Amino acid sequence: MVELVIDNKISNTSIDDPLAPPCMTAGAMEGSKPYVAAPEHNEKLGFPGELVDGWQEKAIARMGEIARTNRAFKVYLDTCIKCGACTDKCHYYLGSGDPKNMPVARQDLLRAVYRRYFTFAGKYFPKLVGAVDLTREVLDDWYSYYHQCSQCRRCAVFCPVGIDTAEISMAARDIMDHIGMGQKYCNEIIGKVMDIGNNLGLNEKALKATMEDLEEDIEDETGVAVRIPVDEKGADILLITPSADFFAEPHIDGLIGYAKVFHAAGVSWTVSSYASEAANFGLFIGSQENTAILCKRIQKAAKDLGVKRIIFGECGHAWRVAYNFLNTLGGPFDFLDQNYPIPQHILEFTWDQIECGNLNLDKSRNDKFRLTFHDSCNVARASRMGDMPGGQFEIPRNVIKAVCNNYFEMPEETIKEKTLCCGGGGGLLTDDLMDIRKKGASPRMHAMQQVEQDHGVNHLVAICAICKTQFAKMLPEFGFERDAILSIHQLVSNAIILEGQIDEDDDDDDIDEIPEPPGASATGVGS
(Lines give C-alpha, C1' and ligand atoms only; values in the text may rest on other atoms or scores of the structure.)
Protein backbone atom coordinates (compact mmCIF):
# COMPACT_ATOMS: atom_id res chain seq x y z
CA MET A 1 0.00 0.00 0.00
CA VAL A 2 1.13 3.58 -0.57
CA GLU A 3 0.09 6.78 1.19
CA LEU A 4 -0.75 9.77 -0.95
CA VAL A 5 0.62 13.22 -0.21
CA ILE A 6 -1.53 16.07 -1.50
CA ASP A 7 -0.76 19.67 -0.55
CA ASN A 8 1.86 18.40 1.92
CA LYS A 9 -0.79 16.45 3.82
CA ILE A 10 -1.14 12.69 4.02
CA SER A 11 -4.40 11.57 2.48
CA ASN A 12 -6.65 9.19 4.40
CA THR A 13 -7.04 7.12 1.24
CA SER A 14 -4.42 4.55 0.31
CA ILE A 15 -4.21 2.46 -2.83
CA ASP A 16 -2.26 -0.60 -3.87
CA ASP A 17 1.25 -0.15 -5.23
CA PRO A 18 0.98 -1.38 -8.85
CA LEU A 19 4.38 -3.06 -8.65
CA ALA A 20 4.14 -4.56 -5.16
CA PRO A 21 5.32 -8.21 -5.06
CA PRO A 22 2.37 -10.57 -4.57
CA CYS A 23 1.91 -13.32 -2.02
CA MET A 24 3.15 -16.40 -3.85
CA THR A 25 0.52 -19.15 -4.25
CA ALA A 26 1.66 -22.26 -6.11
CA GLY A 27 -0.91 -23.51 -8.62
CA ALA A 28 -3.18 -20.48 -8.17
CA MET A 29 -3.94 -20.30 -11.90
CA GLU A 30 -3.38 -23.88 -13.03
CA GLY A 31 -7.09 -24.24 -13.77
CA SER A 32 -7.15 -21.26 -16.13
CA LYS A 33 -7.45 -22.56 -19.69
CA PRO A 34 -9.09 -21.20 -22.84
CA TYR A 35 -11.50 -23.32 -24.86
CA VAL A 36 -9.81 -25.73 -27.25
CA ALA A 37 -10.47 -25.08 -30.93
CA ALA A 38 -13.00 -27.23 -32.78
CA PRO A 39 -11.62 -29.36 -35.63
CA GLU A 40 -12.94 -27.00 -38.31
CA HIS A 41 -11.14 -24.04 -36.71
CA ASN A 42 -7.81 -25.87 -36.69
CA GLU A 43 -8.12 -27.44 -40.13
CA LYS A 44 -8.88 -24.13 -41.87
CA LEU A 45 -5.46 -22.95 -40.68
CA GLY A 46 -3.69 -26.10 -41.87
CA PHE A 47 -3.46 -27.80 -38.47
CA PRO A 48 -4.78 -31.21 -37.32
CA GLY A 49 -8.40 -31.09 -36.18
CA GLU A 50 -7.71 -32.65 -32.77
CA LEU A 51 -4.88 -34.05 -30.69
CA VAL A 52 -3.07 -36.46 -33.00
CA ASP A 53 -1.80 -39.96 -32.30
CA GLY A 54 1.89 -39.89 -31.44
CA TRP A 55 1.58 -36.26 -30.41
CA GLN A 56 4.73 -36.38 -28.24
CA GLU A 57 6.99 -37.28 -31.15
CA LYS A 58 5.32 -34.73 -33.44
CA ALA A 59 5.62 -31.98 -30.81
CA ILE A 60 9.32 -32.75 -30.26
CA ALA A 61 9.90 -32.75 -34.02
CA ARG A 62 8.18 -29.38 -34.37
CA MET A 63 10.27 -27.98 -31.49
CA GLY A 64 13.43 -29.12 -33.26
CA GLU A 65 12.27 -27.52 -36.51
CA ILE A 66 11.68 -24.19 -34.75
CA ALA A 67 15.09 -24.40 -33.06
CA ARG A 68 16.75 -24.96 -36.46
CA THR A 69 14.92 -22.15 -38.29
CA ASN A 70 14.58 -19.56 -35.50
CA ARG A 71 17.96 -18.73 -34.00
CA ALA A 72 16.44 -16.39 -31.41
CA PHE A 73 14.28 -19.21 -30.02
CA LYS A 74 17.33 -21.46 -29.52
CA VAL A 75 19.40 -18.64 -28.01
CA TYR A 76 16.63 -17.78 -25.54
CA LEU A 77 16.37 -21.39 -24.40
CA ASP A 78 20.14 -21.79 -24.05
CA THR A 79 21.15 -18.55 -22.35
CA CYS A 80 18.97 -17.98 -19.27
CA ILE A 81 21.27 -17.40 -16.26
CA LYS A 82 18.50 -17.59 -13.63
CA CYS A 83 19.35 -14.11 -12.31
CA GLY A 84 15.78 -13.38 -11.22
CA ALA A 85 15.58 -9.95 -12.89
CA CYS A 86 12.32 -10.87 -14.64
CA THR A 87 10.52 -12.61 -11.79
CA ASP A 88 8.31 -9.71 -10.69
CA LYS A 89 7.98 -8.00 -14.08
CA CYS A 90 4.95 -9.93 -15.37
CA HIS A 91 1.54 -8.39 -14.68
CA TYR A 92 -0.02 -11.87 -14.46
CA TYR A 93 2.42 -12.87 -11.74
CA LEU A 94 1.85 -9.56 -9.91
CA GLY A 95 -1.89 -10.11 -10.14
CA SER A 96 -2.08 -13.85 -9.43
CA GLY A 97 0.94 -14.76 -7.31
CA ASP A 98 1.28 -18.03 -9.24
CA PRO A 99 5.04 -18.72 -9.50
CA LYS A 100 4.60 -20.33 -12.93
CA ASN A 101 3.62 -16.88 -14.16
CA MET A 102 7.11 -15.61 -13.39
CA PRO A 103 8.58 -15.18 -16.89
CA VAL A 104 11.56 -17.43 -16.12
CA ALA A 105 9.29 -20.17 -14.75
CA ARG A 106 6.95 -19.95 -17.72
CA GLN A 107 9.95 -20.23 -20.07
CA ASP A 108 11.18 -23.26 -18.14
CA LEU A 109 8.00 -25.18 -18.91
CA LEU A 110 9.27 -25.43 -22.48
CA ARG A 111 13.01 -25.12 -21.74
CA ALA A 112 12.94 -28.25 -19.56
CA VAL A 113 11.54 -30.30 -22.47
CA TYR A 114 13.96 -28.73 -24.93
CA ARG A 115 16.88 -29.70 -22.69
CA ARG A 116 15.64 -33.28 -22.42
CA TYR A 117 15.60 -33.88 -26.16
CA PHE A 118 18.09 -31.41 -27.66
CA THR A 119 21.03 -31.10 -25.25
CA PHE A 120 23.72 -33.61 -24.26
CA ALA A 121 23.27 -33.02 -20.54
CA GLY A 122 19.49 -33.30 -20.76
CA LYS A 123 19.64 -36.59 -22.66
CA TYR A 124 22.07 -38.29 -20.25
CA PHE A 125 21.77 -36.38 -16.95
CA PRO A 126 18.24 -34.94 -17.03
CA LYS A 127 17.78 -34.47 -13.29
CA LEU A 128 21.06 -32.59 -13.08
CA VAL A 129 19.86 -29.87 -15.50
CA GLY A 130 16.13 -29.88 -14.78
CA ALA A 131 15.20 -31.65 -18.02
CA VAL A 132 11.83 -33.43 -18.19
CA ASP A 133 9.98 -35.72 -20.58
CA LEU A 134 7.07 -34.33 -22.56
CA THR A 135 4.06 -35.88 -20.81
CA ARG A 136 0.37 -35.08 -20.94
CA GLU A 137 0.72 -33.27 -17.61
CA VAL A 138 3.46 -31.07 -19.07
CA LEU A 139 1.36 -30.43 -22.19
CA ASP A 140 -1.59 -29.36 -20.02
CA ASP A 141 0.71 -26.95 -18.17
CA TRP A 142 1.81 -25.53 -21.52
CA TYR A 143 -1.79 -25.02 -22.60
CA SER A 144 -2.66 -23.28 -19.35
CA TYR A 145 0.36 -21.05 -18.73
CA TYR A 146 1.26 -20.16 -22.31
CA HIS A 147 -2.26 -18.74 -22.47
CA GLN A 148 -1.43 -16.64 -19.43
CA CYS A 149 1.18 -14.67 -21.36
CA SER A 150 0.07 -11.65 -23.37
CA GLN A 151 3.40 -11.54 -25.24
CA CYS A 152 3.86 -7.99 -23.97
CA ARG A 153 7.69 -8.24 -23.68
CA ARG A 154 7.93 -6.25 -20.44
CA CYS A 155 10.11 -8.97 -18.95
CA ALA A 156 12.50 -8.67 -21.91
CA VAL A 157 13.16 -5.01 -21.05
CA PHE A 158 14.62 -6.06 -17.70
CA CYS A 159 16.44 -9.23 -18.83
CA PRO A 160 20.22 -8.64 -18.85
CA VAL A 161 20.67 -11.07 -21.76
CA GLY A 162 17.56 -9.99 -23.69
CA ILE A 163 15.44 -13.15 -23.48
CA ASP A 164 12.01 -12.51 -25.01
CA THR A 165 9.37 -14.66 -23.32
CA ALA A 166 6.90 -13.65 -26.03
CA GLU A 167 8.89 -15.63 -28.61
CA ILE A 168 8.84 -18.70 -26.38
CA SER A 169 5.09 -18.38 -25.79
CA MET A 170 4.49 -18.05 -29.52
CA ALA A 171 6.63 -21.12 -30.19
CA ALA A 172 4.75 -23.16 -27.58
CA ARG A 173 1.40 -22.23 -29.11
CA ASP A 174 2.72 -23.06 -32.57
CA ILE A 175 3.83 -26.49 -31.36
CA MET A 176 0.43 -27.14 -29.78
CA ASP A 177 -1.36 -26.08 -32.98
CA HIS A 178 0.75 -28.53 -34.96
CA ILE A 179 -0.41 -31.44 -32.80
CA GLY A 180 -4.08 -30.40 -32.87
CA MET A 181 -4.35 -28.52 -29.56
CA GLY A 182 -5.12 -25.01 -30.78
CA GLN A 183 -6.99 -22.28 -28.99
CA LYS A 184 -10.58 -21.62 -30.10
CA TYR A 185 -10.55 -17.83 -29.78
CA CYS A 186 -7.52 -17.14 -31.98
CA ASN A 187 -7.98 -19.89 -34.54
CA GLU A 188 -11.66 -19.16 -35.12
CA ILE A 189 -10.93 -15.47 -35.66
CA ILE A 190 -8.11 -16.12 -38.13
CA GLY A 191 -10.52 -18.30 -40.11
CA LYS A 192 -13.09 -15.49 -40.23
CA VAL A 193 -10.52 -13.10 -41.70
CA MET A 194 -9.61 -15.67 -44.34
CA ASP A 195 -13.28 -16.16 -45.26
CA ILE A 196 -14.68 -12.64 -45.02
CA GLY A 197 -11.89 -10.14 -44.36
CA ASN A 198 -12.30 -9.20 -40.71
CA ASN A 199 -12.53 -10.62 -37.20
CA LEU A 200 -16.24 -9.87 -36.90
CA GLY A 201 -17.43 -11.67 -39.99
CA LEU A 202 -18.80 -8.33 -41.29
CA ASN A 203 -19.52 -8.72 -45.01
CA GLU A 204 -19.19 -6.08 -47.72
CA LYS A 205 -22.86 -5.07 -47.68
CA ALA A 206 -22.94 -4.68 -43.90
CA LEU A 207 -19.65 -2.75 -43.89
CA LYS A 208 -20.88 -0.26 -46.49
CA ALA A 209 -24.18 0.22 -44.65
CA THR A 210 -22.29 0.88 -41.41
CA MET A 211 -20.04 3.49 -43.05
CA GLU A 212 -23.04 5.23 -44.61
CA ASP A 213 -24.69 5.44 -41.19
CA LEU A 214 -21.54 6.98 -39.74
CA GLU A 215 -21.41 9.54 -42.54
CA GLU A 216 -24.96 10.57 -41.65
CA ASP A 217 -24.03 10.81 -37.96
CA ILE A 218 -21.08 13.10 -38.71
CA GLU A 219 -23.16 15.35 -40.95
CA ASP A 220 -25.92 15.55 -38.32
CA GLU A 221 -23.28 16.53 -35.72
CA THR A 222 -21.26 19.02 -37.78
CA GLY A 223 -23.30 20.00 -40.82
CA VAL A 224 -20.35 18.86 -42.96
CA ALA A 225 -20.47 15.95 -45.40
CA VAL A 226 -17.49 13.83 -44.35
CA ARG A 227 -17.05 10.67 -46.40
CA ILE A 228 -15.96 7.22 -45.19
CA PRO A 229 -15.42 5.50 -48.55
CA VAL A 230 -15.39 1.74 -49.05
CA ASP A 231 -13.63 0.06 -52.00
CA GLU A 232 -13.01 3.36 -53.79
CA LYS A 233 -10.54 2.72 -56.59
CA GLY A 234 -7.88 5.34 -57.23
CA ALA A 235 -7.93 6.75 -53.69
CA ASP A 236 -4.56 7.91 -52.41
CA ILE A 237 -4.74 6.17 -49.02
CA LEU A 238 -5.89 2.72 -47.96
CA LEU A 239 -6.86 2.74 -44.27
CA ILE A 240 -6.33 -0.60 -42.54
CA THR A 241 -7.99 -0.43 -39.15
CA PRO A 242 -9.25 -2.94 -36.57
CA SER A 243 -12.80 -4.08 -37.23
CA ALA A 244 -13.73 -2.97 -33.71
CA ASP A 245 -13.65 0.54 -35.19
CA PHE A 246 -16.73 -0.36 -37.23
CA PHE A 247 -19.13 -1.19 -34.45
CA ALA A 248 -18.20 -0.49 -30.81
CA GLU A 249 -17.49 2.40 -28.46
CA PRO A 250 -14.99 4.00 -28.06
CA HIS A 251 -13.44 2.51 -31.21
CA ILE A 252 -16.04 3.91 -33.59
CA ASP A 253 -15.45 7.44 -32.29
CA GLY A 254 -11.80 6.98 -33.22
CA LEU A 255 -12.80 6.02 -36.77
CA ILE A 256 -14.88 9.20 -36.96
CA GLY A 257 -11.74 11.05 -35.87
CA TYR A 258 -9.70 9.50 -38.69
CA ALA A 259 -12.37 10.52 -41.19
CA LYS A 260 -12.40 14.12 -39.95
CA VAL A 261 -8.60 14.33 -40.12
CA PHE A 262 -8.52 12.98 -43.68
CA HIS A 263 -11.33 15.38 -44.65
CA ALA A 264 -9.54 18.39 -43.14
CA ALA A 265 -6.26 17.34 -44.79
CA GLY A 266 -7.98 17.16 -48.17
CA VAL A 267 -6.75 13.66 -49.03
CA SER A 268 -8.65 10.89 -50.76
CA TRP A 269 -8.87 7.60 -48.90
CA THR A 270 -10.79 4.37 -48.61
CA VAL A 271 -11.23 1.24 -46.57
CA SER A 272 -11.34 -2.17 -48.21
CA SER A 273 -14.09 -4.74 -47.74
CA TYR A 274 -11.58 -7.45 -48.72
CA ALA A 275 -8.95 -6.41 -46.15
CA SER A 276 -11.17 -4.77 -43.54
CA GLU A 277 -9.06 -5.90 -40.59
CA ALA A 278 -5.80 -4.58 -39.16
CA ALA A 279 -5.59 -7.28 -36.48
CA ASN A 280 -3.44 -10.29 -37.28
CA PHE A 281 -3.90 -13.10 -34.77
CA GLY A 282 -1.38 -15.20 -36.68
CA LEU A 283 1.18 -13.36 -34.54
CA PHE A 284 -0.43 -14.57 -31.31
CA ILE A 285 -0.29 -18.24 -32.27
CA GLY A 286 3.28 -17.97 -33.53
CA SER A 287 2.34 -19.00 -37.07
CA GLN A 288 4.44 -17.25 -39.70
CA GLU A 289 2.40 -18.94 -42.42
CA ASN A 290 -0.95 -17.64 -41.18
CA THR A 291 0.49 -14.21 -40.36
CA ALA A 292 1.71 -14.01 -43.96
CA ILE A 293 -1.67 -15.03 -45.41
CA LEU A 294 -3.38 -12.15 -43.61
CA CYS A 295 -0.62 -9.70 -44.59
CA LYS A 296 -1.02 -10.71 -48.24
CA ARG A 297 -4.71 -9.72 -48.12
CA ILE A 298 -3.58 -6.15 -47.46
CA GLN A 299 -1.19 -6.22 -50.40
CA LYS A 300 -3.93 -7.53 -52.71
CA ALA A 301 -6.41 -4.89 -51.54
CA ALA A 302 -3.86 -2.12 -52.08
CA LYS A 303 -3.09 -3.36 -55.60
CA ASP A 304 -6.73 -3.88 -56.55
CA LEU A 305 -7.71 -0.40 -55.38
CA GLY A 306 -4.67 1.30 -56.90
CA VAL A 307 -3.77 3.27 -53.76
CA LYS A 308 -0.49 5.10 -53.18
CA ARG A 309 -0.21 4.78 -49.41
CA ILE A 310 -1.24 2.44 -46.56
CA ILE A 311 -2.11 3.86 -43.15
CA PHE A 312 -2.93 1.76 -40.10
CA GLY A 313 -5.48 2.77 -37.49
CA GLU A 314 -5.23 2.48 -33.71
CA CYS A 315 -4.33 -1.16 -33.00
CA GLY A 316 -1.31 -2.27 -30.99
CA HIS A 317 -0.38 -5.71 -32.31
CA ALA A 318 -1.54 -4.76 -35.82
CA TRP A 319 1.05 -2.00 -35.83
CA ARG A 320 3.66 -4.45 -34.53
CA VAL A 321 2.93 -6.78 -37.46
CA ALA A 322 2.79 -3.90 -39.93
CA TYR A 323 5.98 -2.24 -38.71
CA ASN A 324 8.02 -5.44 -38.50
CA PHE A 325 6.55 -7.90 -40.99
CA LEU A 326 4.26 -6.29 -43.56
CA ASN A 327 7.03 -5.73 -46.10
CA THR A 328 8.70 -9.12 -45.57
CA LEU A 329 5.61 -11.34 -45.21
CA GLY A 330 3.09 -9.31 -47.22
CA GLY A 331 5.26 -7.49 -49.73
CA PRO A 332 6.66 -6.30 -51.94
CA PHE A 333 4.99 -2.89 -51.87
CA ASP A 334 7.08 -1.33 -54.64
CA PHE A 335 3.86 -0.18 -56.35
CA LEU A 336 3.16 2.33 -53.56
CA ASP A 337 4.50 5.90 -53.42
CA GLN A 338 7.99 5.49 -51.99
CA ASN A 339 8.03 9.09 -50.70
CA TYR A 340 5.89 8.02 -47.74
CA PRO A 341 6.53 5.49 -44.96
CA ILE A 342 5.36 1.98 -45.87
CA PRO A 343 3.31 1.50 -43.80
CA GLN A 344 2.38 4.62 -41.80
CA HIS A 345 0.50 4.92 -38.51
CA ILE A 346 -2.54 7.19 -38.32
CA LEU A 347 -0.90 9.07 -35.45
CA GLU A 348 2.13 9.84 -37.63
CA PHE A 349 -0.24 11.24 -40.26
CA THR A 350 -2.28 13.26 -37.76
CA TRP A 351 0.76 14.67 -35.98
CA ASP A 352 2.22 15.73 -39.33
CA GLN A 353 -1.04 17.55 -40.13
CA ILE A 354 -0.97 19.26 -36.73
CA GLU A 355 2.67 20.34 -37.16
CA CYS A 356 1.87 21.71 -40.62
CA GLY A 357 -1.04 23.72 -39.21
CA ASN A 358 -3.63 21.96 -41.36
CA LEU A 359 -6.06 21.15 -38.54
CA ASN A 360 -8.19 23.74 -36.75
CA LEU A 361 -8.24 22.50 -33.14
CA ASP A 362 -10.01 23.78 -30.03
CA LYS A 363 -8.48 22.05 -26.99
CA SER A 364 -11.18 23.37 -24.67
CA ARG A 365 -13.67 20.96 -26.25
CA ASN A 366 -11.97 18.21 -24.23
CA ASP A 367 -11.86 20.12 -20.95
CA LYS A 368 -14.39 17.75 -19.40
CA PHE A 369 -11.68 15.09 -19.47
CA ARG A 370 -8.72 14.75 -17.11
CA LEU A 371 -6.57 12.26 -18.96
CA THR A 372 -3.76 9.79 -18.65
CA PHE A 373 -2.28 7.65 -21.42
CA HIS A 374 -1.72 3.90 -21.54
CA ASP A 375 1.28 2.91 -23.67
CA SER A 376 0.11 -0.22 -25.47
CA CYS A 377 2.74 -2.97 -25.22
CA ASN A 378 3.13 -3.84 -28.87
CA VAL A 379 3.55 -0.19 -29.84
CA ALA A 380 5.85 0.61 -26.92
CA ARG A 381 8.15 -2.41 -27.05
CA ALA A 382 7.90 -3.78 -30.58
CA SER A 383 7.70 -0.83 -32.98
CA ARG A 384 8.43 2.81 -33.58
CA MET A 385 6.66 5.89 -34.94
CA GLY A 386 8.24 8.75 -36.79
CA ASP A 387 11.90 9.06 -37.71
CA MET A 388 13.44 9.24 -34.23
CA PRO A 389 13.98 6.76 -31.38
CA GLY A 390 11.15 6.95 -28.88
CA GLY A 391 8.72 8.35 -31.42
CA GLN A 392 6.18 5.72 -30.38
CA PHE A 393 6.11 7.41 -26.96
CA GLU A 394 6.29 11.05 -28.02
CA ILE A 395 3.94 11.21 -31.02
CA PRO A 396 0.83 9.90 -29.18
CA ARG A 397 1.51 12.27 -26.28
CA ASN A 398 2.10 15.17 -28.67
CA VAL A 399 -1.27 14.58 -30.31
CA ILE A 400 -3.05 14.28 -26.94
CA LYS A 401 -1.52 17.52 -25.69
CA ALA A 402 -2.44 19.25 -28.95
CA VAL A 403 -6.12 18.47 -28.44
CA CYS A 404 -6.61 18.66 -24.66
CA ASN A 405 -5.54 20.79 -21.71
CA ASN A 406 -5.58 18.31 -18.83
CA TYR A 407 -3.04 15.52 -19.21
CA PHE A 408 -1.16 13.65 -16.48
CA GLU A 409 1.34 10.80 -16.56
CA MET A 410 1.05 7.64 -14.53
CA PRO A 411 4.11 6.63 -12.43
CA GLU A 412 7.31 6.62 -14.48
CA GLU A 413 8.08 2.95 -13.85
CA THR A 414 4.70 1.96 -15.39
CA ILE A 415 4.84 3.85 -18.71
CA LYS A 416 6.73 3.99 -22.01
CA GLU A 417 9.14 1.02 -22.42
CA LYS A 418 8.22 -0.14 -18.89
CA THR A 419 4.49 0.09 -19.54
CA LEU A 420 2.17 -2.36 -17.82
CA CYS A 421 -0.01 -4.51 -20.05
CA CYS A 422 -3.78 -4.11 -20.17
CA GLY A 423 -4.05 -7.82 -19.34
CA GLY A 424 -6.06 -8.83 -22.40
CA GLY A 425 -3.53 -8.95 -25.22
CA GLY A 426 -1.76 -11.82 -26.95
CA GLY A 427 -4.94 -13.75 -27.74
CA LEU A 428 -6.37 -13.64 -24.22
CA LEU A 429 -9.31 -11.30 -24.90
CA THR A 430 -11.92 -14.00 -24.44
CA ASP A 431 -14.51 -14.47 -21.70
CA ASP A 432 -13.23 -17.93 -20.81
CA LEU A 433 -10.06 -16.21 -19.50
CA MET A 434 -11.82 -13.42 -17.59
CA ASP A 435 -10.23 -14.33 -14.25
CA ILE A 436 -6.64 -14.06 -15.46
CA ARG A 437 -7.55 -10.96 -17.50
CA LYS A 438 -8.71 -9.19 -14.33
CA LYS A 439 -5.64 -10.26 -12.38
CA GLY A 440 -3.39 -9.16 -15.23
CA ALA A 441 -5.12 -5.77 -15.46
CA SER A 442 -4.76 -5.01 -11.76
CA PRO A 443 -1.24 -3.45 -11.87
CA ARG A 444 -2.29 -1.00 -14.61
CA MET A 445 -5.53 -0.21 -12.83
CA HIS A 446 -3.69 0.51 -9.57
CA ALA A 447 -1.37 2.89 -11.46
CA MET A 448 -4.43 4.68 -12.82
CA GLN A 449 -5.90 4.88 -9.33
CA GLN A 450 -2.76 6.72 -8.26
CA VAL A 451 -3.24 9.50 -10.82
CA GLU A 452 -6.93 9.60 -10.02
CA GLN A 453 -6.03 10.32 -6.40
CA ASP A 454 -3.20 12.73 -7.22
CA HIS A 455 -4.73 14.67 -10.11
CA GLY A 456 -8.40 13.80 -10.40
CA VAL A 457 -7.84 11.81 -13.60
CA ASN A 458 -11.15 10.44 -14.84
CA HIS A 459 -10.34 8.99 -18.27
CA LEU A 460 -7.75 6.67 -19.78
CA VAL A 461 -6.59 7.04 -23.39
CA ALA A 462 -5.27 4.14 -25.49
CA ILE A 463 -4.31 3.45 -29.11
CA CYS A 464 -5.00 -0.29 -29.21
CA ALA A 465 -8.31 -1.98 -29.97
CA ILE A 466 -7.60 -4.84 -27.57
CA CYS A 467 -6.61 -2.43 -24.79
CA LYS A 468 -9.78 -0.40 -25.26
CA THR A 469 -11.98 -3.51 -25.19
CA GLN A 470 -10.16 -4.92 -22.17
CA PHE A 471 -10.35 -1.66 -20.22
CA ALA A 472 -14.07 -1.26 -20.95
CA LYS A 473 -14.50 -4.51 -18.99
CA MET A 474 -11.86 -3.85 -16.31
CA LEU A 475 -12.41 -0.19 -15.42
CA PRO A 476 -15.72 -0.83 -13.57
CA GLU A 477 -13.98 -3.58 -11.57
CA PHE A 478 -11.64 -0.94 -10.15
CA GLY A 479 -14.09 1.87 -9.44
CA PHE A 480 -14.13 3.69 -12.78
CA GLU A 481 -16.91 4.17 -15.32
CA ARG A 482 -17.05 1.76 -18.25
CA ASP A 483 -16.81 4.66 -20.72
CA ALA A 484 -13.68 6.06 -19.03
CA ILE A 485 -11.61 4.54 -21.86
CA LEU A 486 -11.09 6.75 -24.92
CA SER A 487 -9.38 6.65 -28.32
CA ILE A 488 -6.83 9.33 -29.10
CA HIS A 489 -8.68 10.09 -32.32
CA GLN A 490 -11.89 10.38 -30.32
CA LEU A 491 -10.21 13.35 -28.63
CA VAL A 492 -9.07 14.63 -32.03
CA SER A 493 -12.64 14.30 -33.31
CA ASN A 494 -13.92 16.35 -30.37
CA ALA A 495 -11.35 19.12 -30.82
CA ILE A 496 -11.27 19.47 -34.60
CA ILE A 497 -13.36 22.22 -36.20
CA LEU A 498 -14.08 21.49 -39.85
CA GLU A 499 -14.54 24.17 -42.47
CA GLY A 500 -18.24 25.04 -42.53
CA GLN A 501 -18.95 23.22 -39.28
CA ILE A 502 -22.14 24.09 -37.43
CA ASP A 503 -21.63 23.70 -33.70
CA GLU A 504 -24.18 22.08 -31.43
CA ASP A 505 -24.87 22.93 -27.81
CA ASP A 506 -22.73 20.97 -25.38
CA ASP A 507 -25.45 21.10 -22.70
CA ASP A 508 -26.61 17.56 -23.39
CA ASP A 509 -23.17 16.06 -22.75
CA ASP A 510 -23.58 13.41 -20.09
CA ILE A 511 -20.01 13.49 -18.81
CA ASP A 512 -19.64 15.92 -15.91
CA GLU A 513 -16.41 17.71 -15.21
CA ILE A 514 -14.53 16.55 -12.14
CA PRO A 515 -13.10 19.46 -10.13
CA GLU A 516 -9.33 19.68 -9.85
CA PRO A 517 -8.17 18.33 -6.48
CA PRO A 518 -5.98 20.37 -4.13
CA GLY A 519 -2.32 20.21 -5.07
CA ALA A 520 -2.87 19.14 -8.68
CA SER A 521 -0.61 20.62 -11.34
CA ALA A 522 -1.74 24.10 -12.29
CA THR A 523 -0.42 23.64 -15.82
CA GLY A 524 -2.65 20.64 -16.52
CA VAL A 525 0.33 18.46 -17.43
CA GLY A 526 1.49 16.20 -14.61
CA SER A 527 4.71 14.28 -14.45
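How many Å separate the centres of domain 1 and domain 2, taken over C-alpha atoms? I get 30 Å for that separation. A reminder to myself: this is a predicted model.

Entry on the bounds. I looked up how the protein chain is divided, and found domain 1 at 9-182 and domain 2 at 191-512.

Entry on the contact. I find 34 residues of domain 1 in contact with 40 residues of domain 2. Together the two domains bury about 3,100 Å² between them, and 62% of that lies on carbon and sulfur atoms. I then asked which three residues of domain 1 supply more of its buried area than any other three. They are Ile 15, Pro 18 and Tyr 92, with 18% of what domain 1 buries against domain 2.

My search across the interface of domain 1 and domain 2 turned up one salt bridge. I also looked at Lys 44, whose side chain meets that of Asp 195 in a salt bridge, at 3.2 Å from N to O.

Entry on the domain 1 side. Which elements give two or more residues to the side that touches domain 2? I listed β2 (9-15), α4 (91-96), α9 (154-158) and α10 (165-178). Of these, α4 gives the most, with five residues. Sorting this side of domain 1 by class, I get 15 nonpolar, ten polar and nine charged residues.

Notes
Residues are numbered from 1 along each chain as its sequence is written. This is a predicted model: local features need pLDDT of at least 70, side-chain atom pairs count only at pLDDT 80 or more; totals for chains, interfaces and linings use all residues. Side-chain values use heavy atoms; hydrogens and water are left out. Domain bounds come from an automatic or database domain assignment. Contact means heavy atoms within 4.5 Å. Buried area is the accessible area (1.4 Å probe) that two parts lose on being put together, summed over both. A salt bridge is a side-chain nitrogen of Lys or Arg within 4 Å of a carboxyl oxygen of Asp or Glu. Helices (H or I, at least four residues) and strands (E, at least two) are DSSP runs, numbered from the N terminus. Ala, Val, Leu, Ile, Met, Phe, Trp, Tyr, Cys and Pro count as nonpolar, Asp, Glu, Lys and Arg as charged, and the others, Gly among them, as polar.
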